[in-house]
Amino acid sequence: MRAFSLKLTVLLGTALGSLVFAPAFAQTTTITFYYPVGVAGPLARFIETYVEEFEAQHPDINVETVFGGNYVENQSKIVAAQRAGTPPDVAILLSQELRTLISLDVVESMQPLIDADPEGEAMIADFFPAFLLNSTLDGEVWSIPFQRSTPVLYYNKEAFVEAGLDPDSPPTTWEELIKYAKKLTQRDAQGRVTRYGIAIPTGDRSTWLTEALVMQAGGSLYDPNSDGKVVTIDTPAMRAAMQYVYDLQHTHEVSPKGVIAWGTVPNDFAAGNVAMIYHSTGSLGFIRQNADFEFGTAFLPANKQYGVPTGGGNFYLLKGSDPAKREAVWTFTKWMTSPELLARWSIDSGYVAPRISSWELPTMKEYVAQYPQALTAREQLQYAQAELPVYALQEIKDIVSKAEQDIILGNAKIEEALAEAQRRADQVLAAFR
Amino acid sequence: METSLGKTSSKQATAGTPGFLAQKQQKKGIQSLISSYIQDALAILLCLPLLVVMVLIVVAAFTPNTAINRGQLFSAFTLENFRIALKSANFGLLYWNTFLYTFGLLAVQLVTVTLAAFALTRLRYRGRETIFYLIFLQLFLPPVALILPNFFLLKRLQLADTLVGLALPYIASATGIFLLRQGFKSIPPEFDDAAYVDGATPLQLLWYVHLPMIKPHLAAFSVVSLVYHWNEFLWPLIATSSASKRVLSVGLASFTRSAESGAEWGLIAAGTVLVAAPLAVLFIVFQDFFVRSFSQSGIKG
Amino acid sequence: MKLKGYGWKTAGWMLAPTLFFLLLFTYGPALYNIVTSTAGFTRLFSSPANRNLLGVTLSYMTIVIPGAVLLGLGSALLVDGRTPARILARAVLFHPVILPTVAFAAVWLYLLNPVSSPIREILEWFMGGRRNILGSSTTALWAVALIGILKQFGLYMLYFLAGLQGIPQELKEAAWIDGAGRWKTFRHVVFPLLGPTLFFVASTALLDSLRNVDHIFVLTKGGPSDATNILLYRIFVLGFEYYDIPQAGALTTVLLFILTLTALLTMPRIERRVHYYGN
């Protein structure tokens, strides 16, 4: 019933909107839009530009933009605003936060808006299925993908040639990666490393790459049938992943030691001090601008199989926002996630355009022809899985990443650290069962 | 303007010491001149590491990011970092908002803080100590720890997302009161007695007698308040939301706080220079006023 | 000696604005927090993640407070005077104070990078080999504390400079002429008169060490392995990232309790000992 009346309003609204054409008569709807910036550089400016263009094309809609800081700060701000009774209408939040956001009662499903739009179903079908994994719950689409990524392997082709490796065949398995990394690691006369073979970021309270390693080892960091209430940390796959990361640093000595910060790894790569890195496709733009050597991108090497989690942010509808503005919210969301805009955003930022038809556009084809590295992430989507979609997300991430850091730093044995982390995670998630 | 310590101290010495001591002082003159040079050298040595950091920031701001990443700091010159930084945010508005917030707050603080410190040191009444402790305790209850309740309060007062609301939690400043209290305490009570005998009101006493004497303390507090609020990040991020109310620190955050990609050192440095420049200029001007206000303040034993 | 009868009537309106805002934005919210946070205490004490919190916080404070106060005092004594060298040194030592903490921390993130730091050679010489200073649980706390000191001590230097100007030149010269050496003059004349300043700086440093956590966000995010997970950062994480407002509130209550206790214990004692000239 509610969905029906909403549908009716939307239809009526569209009809009225097209009837009342002159801006002078149009009633202006103001919607509030919060967005984070996930990647360095003046990306906030791009978003503001898109919004200005949208407003110019839609004189009846006024979009109030709020830059909320990074993902975490932006989400805090939204929750605070919502608790204070003034939620924004629409926002970009991490796609994997869905369950946490539902448990906090701050978001609403987008499905009714999709259903109300005759083009809705076709639009959703145009997204890569992998990017919808974190949006969908019980067949309902809660959020629309916008700035999406997967981790890829960046490698320095010049270093490859120097080390006698084929610059067109990057490592495809863990064993191969170790072999390559050993060849790529350079030492000076005193035995000090002047170029590392590989760097895998382990800092910043993130589990993104850990998840990738676990998937490659044939496991998963969570139980997909538990509705986000069971994480599986103390598993053979996780143990294998941890052993791999530990060995790169301590057994093979081909990686910088200690916890490696996420944000400075692309700099180390661009400076030529590390020959291969695991990093987000979102860093493609940065590396393209900063590396003065030829570089390639490849799938993250497989152990038992290829595997990466998707990442990045989606458009969410905020609970408690004015229902009368839903039509304007949908018009805006649809415009921002149109194939044309997503292609533009992908070229501007380095994110993967999440719509299939974006890649058919001439601008995108031209871009890919010029930078074939951008294709890797799209190709890799066939092996992509959902990113850790559990309740109490950040707390769980902290538990996993502390265990990983304890192992890397030699503060704890793999078995002990993982068993302890499992116990603590179970304790946290017990509250949701 | 005097720049040599030798001049200043010898003048003060001859003015303040009887003749026979001044003679003795002359014998020590050369010795003290040498030790003054040693002190100069030590001062430079101490600041050397931070001088390197300072130069590094300024140089990095004018160096292409590609070169910085390779550790080649003096290799090339560019204004690109500034161009991108200025394009990334409306700096005119950011400067103006930050100026309004920090200086507006300071103006109000100077009044409330001076009055309160005066009342806590120069007036006698029952419960003075209790009130002092009550205020002093706030020195230990940083508003940062109370961000969430304060934000909800602002919402209720309809003052969220306003520059006034941003400033309200800081109007009662224990730091300022404590600092000024030290100033007031160093003024001998005889001044008050004399003023009261002449029929002055407490406000007149404060304005004409005390205020000139606590100038250095007011200056010190101004520096603290400006520096702290100019660079404050967390509270403005939470308390304001619309672009028209954004302050510098939040604007800077859009390109210094990266999450998914590499660090744009050159851009960060350029942003830092842009944000810090007004304060740096102010401080260079202020430093002179600051030092002069001490010598004029006439604090005596 | 009794002053004229300007009591509560005058003091009342002078104190009113301060007291009003103090109640509204400090004591009100603090009390509200204490009352509403009781539910968070069980989780606060049972969570293993909070186990090392106080230890890490105390270690951090033990490095930062004396470090920043002594560095501030030392530099103030060195740059006291108006020679060009000292004016330059003063400006340089003070400059981190005017930089946004996040930016200053970002500079150090660049400088301490184990792989591509421009001062790698110096770091390796200083540390006796290549170390991932921010990425190791044995060195990260020291690094974060040192950066906290460098960011803040310039302000304390300024306070001490102000205090030094307040000490009558005649007193210093009299001691100097009496044949007292530099150290003795400092120890017996300058230092006692700096008492109030020292007390103020020490309390400010204590407070700053607890409230300035912006650099943790940039440098370590509390890691590695919780090695730099200090109290206020944890409160922020609990409140704004876990959305566990009761637990964040409970930890805030603990923080408020510690602070109040410190204030009540130290304050009257030190107040009694300091020398006020003019009294």
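Let's start with strand S3 of chain A, residues 90-94, which is mostly covered: 5 of its 5 residues are buried. Buried here means 20 or more other C-beta atoms within 10 Å of the residue's own; 12 or fewer makes it exposed, anything in between partly exposed, and C-beta atoms are placed from the backbone. Strands are DSSP runs of E with at least two residues, helices are runs of H or I with at least four, and both are numbered from the N terminus.

A word on the source. This is a predicted model, where local features need pLDDT of at least 70, side-chain atom pairs count only at pLDDT 80 or more, and totals for chains, interfaces and linings use all residues. Residues are numbered from 1 along each chain as its sequence is written, while chains are lettered from A and ligands numbered from 1 in the order in which they are written.

Back to S3(A). Strand S1 of chain A, residues 29-35, runs parallel to S3(A), joined by 2 bridges. Strands count as paired if DSSP finds at least two bridges between them. In this pairing, Tyr34(A) sits opposite Ala91(A). Strand S14 of chain A, residues 311-318, pairs with S3(A) too, antiparallel, over 5 bridges. There, Ala91(A) has Tyr316(A) as its bridge partner.

What does Ala91(A) touch, leaving aside residues up to four places away in sequence? Phe33(A), Tyr34(A), Tyr35(A), Ile78(A), Tyr316(A) and Leu318(A). Contact means C-beta atoms, placed from the backbone, within 7 Å.

Next, the core. Ala91(A) is among the residues with the most contacts inside the largest nonpolar core, which has 302 residues. Val90(A), Met276(A), Ala116(B), Tyr156(C) and Phe160(C) are on that list as well. Such a core is a set of buried Ala, Val, Leu, Ile, Met, Phe, Trp, Tyr and Cys residues joined through C-beta atoms within 7 Å. Its largest share, 17 residues, comes from helix H7 of chain C, residues 140-165.

Now the domains of chain A. Their bounds come from an automatic or database domain assignment. Domain 1 covers 2-148 + 311-382, and domain 2 covers 151-309 + 392-432. Their C-alpha centres lie 31 Å apart. At the contact, 19 residues of domain 1 meet 20 residues of domain 2.

Last, chains B and C. Their contact takes 96 residues from chain B and 82 residues from chain C. On the chain B side, helix H3 of chain B, residues 29-61, gives the largest share, 13 residues. That's it.

Conventions:
Contact = placed C-beta atoms within 7 Å.
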